[in-house]
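Please read them with the structure open.

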Amino acid sequence: MRYTKILALTLFSPMIWADSLPSDVSVTVFTTQNYPIQDSTLAHHIYYLDAVENIEEGQGDIFSTVPEKAAEQAKKWLHSPQGKKFQSDLQQAYIGIIEGWKLGVMKVPAIVFQHSRREPMVVYGSTDINKAILIYKNASE
């Protein structure tokens with residue numbers, strides 16, 4: 001019986017913490033594919049800072065090695081649905097990098113709490129948003 005209570009507290013306590021964040025606090029996560037995020041639905045934004053590299057690597061060698069031919073292929077490709085998707089994906093990936101720079105994120109994983117009336121607070125090293133919320137709440141008191 002005692003273990004059941006401990007298990008229930010362990011399973012349900014994080015939800016209590018997450019629900020009790022003030023509405024004017026946003027949660028932004030900066031990570032890479034190497035650090036999967038737990039409870040990702042609690043974040044307002046998740047940025048994968050290795051996305052640019054992953055997108056570029058996904059293209060492979062699609063153009064000719066002859067420069068003139070490659071230039072012509074690139075022009076056509078950029079106007080194709082695949083080229084437009086590539087450009088859009090790349091823009092979104094760079095937004096994450098820019099946001100990280102603006103907030104001063106120094107390493108990943110980083111979970112940033114932005115409050116409308118305070119400086120942002122960063123929890124480094126945690127991939128669990130619920131645990132980061134607990135750290136944020138304890139530090140904010």
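**Notes on the predicted model**

1. Overall make-up. The protein chain has five helices and four strands. Read from the N terminus, the order of elements is α-β-β-α-α-α-β-β-α. Keep in mind that this is a predicted model.

2. Burial and surface. Of the 141 residues in the protein chain, 30% are buried. The chain exposes about 9700 Å², and carbon and sulfur atoms supply 57% of that area.

3. Contacts along the sequence. Take the contacts in the protein chain with a separation of 6 or more. Residues 24 or more positions apart account for 50% of them.

4. Main core. The largest nonpolar core has 13 residues. Those with the most contacts inside it are Leu21, Val27, Val29, Ile111, Phe113 and Ile129. As general background, nonpolar side chains in soluble globular proteins tend to be buried together.

5. Second core. A separate core of eight residues is also present. Among its members are Phe86, Leu90, Ala93 and Ile97.

6. Val27 in detail. What does Val27 contact, leaving aside its neighbours within four places in sequence? Its partners include Leu21, Ile111, Phe113 and Ile129. These four are also listed among the residues with the most contacts inside the largest core.

7. Nonpolar patch. Tyr94, Ile98 and Trp101 make a nonpolar surface patch of about 370 Å². Tyr94 is found in helix α4, residues 81-103. Is Tyr94 buried or partly exposed? Its relative accessible area is 38%, so Tyr94 counts as partly exposed. A residue needs over 30% to join a patch, and Tyr94 has 38%.

8. Cis peptide. Val108 and Pro109 are joined by a cis peptide bond, with omega about -5°. Pro109 lies in the loop between α4 and β3, the strand at 110-115. Please look at this bond in the model.

9. Positive phi. Asp39 has phi near 60°, a positive value in a residue other than glycine. Where is Asp39 found? Its place is the loop between β1 (25-31) and β2 (45-48). Asp39 has 33% relative accessibility, so this residue counts as partly exposed.

Definitions and conventions: Residues are numbered from 1 along each chain as its sequence is written. This is a predicted model: local features need pLDDT of at least 70, side-chain atom pairs count only at pLDDT 80 or more; totals for chains, interfaces and linings use all residues. Side-chain values use heavy atoms; hydrogens and water are left out. Patches are made of residues with over 30% relative accessible area and no salt bridge: like charges are joined within 9 Å, nonpolar side chains (Val, Leu, Ile, Met, Phe, Trp, Tyr) within 5 Å. Accessible areas come from the Shrake-Rupley method with a 1.4 Å probe; for residues, only the protein chains shown count as cover. A salt bridge is a side-chain nitrogen of Lys or Arg within 4 Å of a carboxyl oxygen of Asp or Glu. Helices (H or I, at least four residues) and strands (E, at least two) are DSSP runs, numbered from the N terminus. Buried means under 20% relative accessible area, exposed over 50%, partly exposed in between (1.4 Å probe, protein chains only). A nonpolar core is a set of buried Ala, Val, Leu, Ile, Met, Phe, Trp, Tyr and Cys residues joined through side-chain atoms within 4.5 Å. Contact means heavy atoms within 4.5 Å.
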